[in-house]
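Let's walk through this one together, starting with a pair of residues and then moving out to the strands around them.

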Amino acid sequence: QVQLVESGGGLVQAGGSLRLSCAASGRTLSRYVMGWFRQAPGKEREFVVAISWTGGSTQYADSAKGRFTISRDNAKNTVYLQMNSLKLEDTAVYHCAARLESRHLYDYWGQGTQVTVSS
């Protein structure tokens, strides 16, 4: 079992930045692909970004390209999401998730952290 806990959300003005963290416990994150997803009110959950277990490969949704950066520190069992140039439409609950590289579906999810971008 992997337990994931997100932190770092909050209220920020449009154009500002936030850094989210996802701390894992229960098992090392080695061999796990880590992803960030978000869900805005009244909308379906959407993929934001993912990173391979080595950190050598990343995949970004178009909405995140050029503004968001995912990174990981396997020694600390933590994944980060640096979000810059935030827009109103980035307002959502952000969840981190983990899956083994051999699987397509994410097996473990965090509770989420709220990000609110104001004008």
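Start with two cysteines: Cys 22 is buried, and Cys 96 is too (buried means under 20% relative accessible area, exposed over 50% and partly exposed in between, using a 1.4 Å probe and protein chains only). Keep in mind that this is a predicted model, where local features need pLDDT of at least 70, side-chain atom pairs count only at pLDDT 80 or more, and totals for chains, interfaces and linings use all residues. Residues are numbered from 1 along each chain as its sequence is written, and side-chain values use heavy atoms, with hydrogens and water left out.

Those cysteines are bonded: a disulfide joins Cys 22 to Cys 96, with 2.0 Å from S to S (the cut-off is a pair of cysteine sulfur atoms within 2.5 Å). The link ties together distant parts of the chain, since Cys 22 sits in strand β3 (residues 18-25) and Cys 96 in strand β9 (residues 92-100), 74 residues apart. The Cys 22 and Cys 96 link is right-handed, with 55° about the S-S bond. By this rule, the count is 1 disulfide.

Now for the sheet. It is open and has 4 strands, in the order β1-β3-β8-β7, with antiparallel pairing. Strands here are DSSP E runs of at least two residues, numbered from the N terminus, and two of them pair if DSSP finds at least two bridges between them. β1 (3-7) and β7 (68-73) are at the edges with a single partner strand each, so one side of each has no neighbour in the sheet.
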